[in-house]
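Reader: Could you walk me through some side-chain contacts in this model? I would like the cut-offs along the way.

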Amino acid sequence: IINMEKIKKNLVYVLLVLFYFNTAMAIEESNYEVVKKTDIYEIRYYPERIVVQTSFSYEDRSFGKLFRYISGSNELNQEIKMTTPVTEMNVNNSRIMQFFLPSEFTIKNAPNPNDPNVEIKSINEGYYAVIQYSGRSSDQNFIQHKNILYQALIADGINVNVDDGIKATYNGPYTLPILRRNEAMFNIIWNK
């Protein structure tokens, strides 16, 4: 038996998420300073940043959890503007998705999530090597560009901290692939 009411409710939720993702993204982007630029990549310094994050097996579930948090599913029932990028990474054999909070938030004033699987975290300041690319934000596209970046960093003698890279996306799913901004990033040791 098909539960049409449940299908309608889920469809409305998906449409709201997609609409919000396409219209609200890019209000604020994580602040950084470019300290070096090559033909392939740039090195950026990022100050400390605050994120809301969750681990996941399926992207739609993690995005939904984080979207509910910024939509008011937090201790203050506070709606929070979405920023860019949305990041994904592997940490200790677990996949993590992060939304960066607007710059007015600190670890002390960010409202705690209602969902116990969602947490607020401070990302320490640091240097990141970044390669930009367009197209779909698929894992295959990310891995290809992450490998290009890694090889360029090794060739330039830049030490990459032990991690599997970070996938950063800036656009909603209905943005034409040719117009999308995606990035592969590595946290690096930078002394220059």
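Predicted model: local features only at pLDDT ≥ 70, side-chain atom pairs only at ≥ 80, totals over all residues.

Reader: Let us start with the rings. What is the angle between the planes of Phe-63 and Phe-67?

Author: Rings of Phe, Tyr and Trp (its six-membered ring) pair if their centres lie within 6.5 Å; planes under 30 degrees apart are stacked, over 60 edge-to-face, and the rest tilted. The structure holds six such aromatic pairs. Phe-63 and Phe-67 form a stacked one, 6.2 Å centre to centre, and the angle between their planes is 15°.

Reader: Which element holds both Phe-63 and Phe-67?

Author: Helices (H or I, at least four residues) and strands (E, at least two) are DSSP runs, numbered from the N terminus. The two Phe residues are four apart, about one turn of the helix, and both belong to helix H2 (residues 59-70).

Reader: Is Phe-99 buried or exposed?

Author: Buried means under 20% relative accessible area, exposed over 50%, and partly exposed in between (1.4 Å probe, protein chains only). Phe-99 has a relative accessible area of 3%, so the label for Phe-99 is buried.

Reader: Now the charges. Which residue forms a salt bridge with Arg-95 at 3.1 Å?

Author: A salt bridge is a side-chain nitrogen of Lys or Arg within 4 Å of a carboxyl oxygen of Asp or Glu, and the whole structure has ten. Arg-95 is partly exposed at 27% relative accessibility. Its partner with closest N and O atoms 3.1 Å apart is Glu-88.

Reader: How many residues apart in sequence are the parts tied together by Arg-95 and Asp-139?

Author: Arg-95 also forms a salt bridge with Asp-139, with the closest N and O atoms 3.4 Å apart. Arg-95 lies in strand S5 and Asp-139 in helix H3 (residues 139-155), so the pair ties together parts whose separation in sequence is 44 residues.

Reader: Which residue in strand S9 pairs with Asp-139?

Author: Asp-139 is partly exposed, with a relative accessible area of 31%. Strand S9 covers residues 166-169, and the salt bridge from Asp-139, with closest N and O atoms 3.0 Å apart, goes to Lys-167.

Technical notes. Residues numbered from 1 in each chain as written. Heavy atoms only, no water.
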